[in-house]
Amino acid sequence: MKILVINGPNLNMLGTREPQIYGTLSLDEISDELKDFARELDGSIKIEFFQSNHEGGIVDKIQGAKDEFDGIIINPAAYTHTSVAIADAIASVGIKTVEVHLSNIYSREEFRHHSFVAPNCLGQVAGFSKNGYKMALLGLYLAQK
Ligand code: DQA
């Protein structure tokens, strides 16, 4: 099983970015934990990681995933609330996708309550911090069984 993990804008700043909301781990540390979790779940799972601060770069990556990946885990960050382009890209490739947010977007500002991406996803995990990525992986893994 091949999984693509996409992180959107400002998530490269994790560790120092608003730690009271997003925690103190860097994106690399969160990604390493996910790799360990995947290995324990099933040694055959392969994960590729991609982070971009650019909407078009994320769209290109999703398009390139067609016929290459069995699942996508995406934290679109601020683009969650603005990007029809990312939502359309997910719909266009037909790959099972899970949306992840470190924070509980529904307990925050009103503008974070809407996701353009969510309707095109298998599901959404929000509010479980770094563990959200693991929960998303488990969801994709069990969905293919
Ligand atoms: C986020 C929530 C978004 O509203 C915000 O813009 C982010 C991070 C999260 O993981 O909690 O950058 O996606």
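**Salt bridges and their surroundings**

At 40% relative accessibility, Asp 32 counts as partly exposed, a class that lies between buried (under 20% relative accessible area) and exposed (over 50%), computed with a 1.4 Å probe on protein chains only. This is a predicted model, in which local features need pLDDT of at least 70 and side-chain atom pairs count only at pLDDT 80 or more, while totals for chains, interfaces and linings use all residues. Residues are numbered from 1 along each chain as its sequence is written, and side-chain values use heavy atoms, with hydrogens and water left out.

The side chain of Asp 32 meets that of Lys 35 in a salt bridge, at 3.4 Å from N to O; the term requires a side-chain nitrogen of Lys or Arg within 4 Å of a carboxyl oxygen of Asp or Glu. Lys 35 is likewise partly exposed, because its relative accessibility is 36%. Both residues belong to helix α2 (residues 27-41) and stand 3 residues apart, about one turn of the helix; helices here are DSSP runs of H or I with at least four residues, numbered from the N terminus.

Glu 109 is partly exposed at 36% relative accessibility, whereas Arg 108 is buried at 17% and Arg 112 is buried at 16%.

Elsewhere, a network of salt bridges links Glu 33, Lys 130 and Lys 134. The structure holds 8 salt bridges in total.

Conventions. Helices (H or I, at least four residues) and strands (E, at least two) are DSSP runs, numbered from the N terminus.
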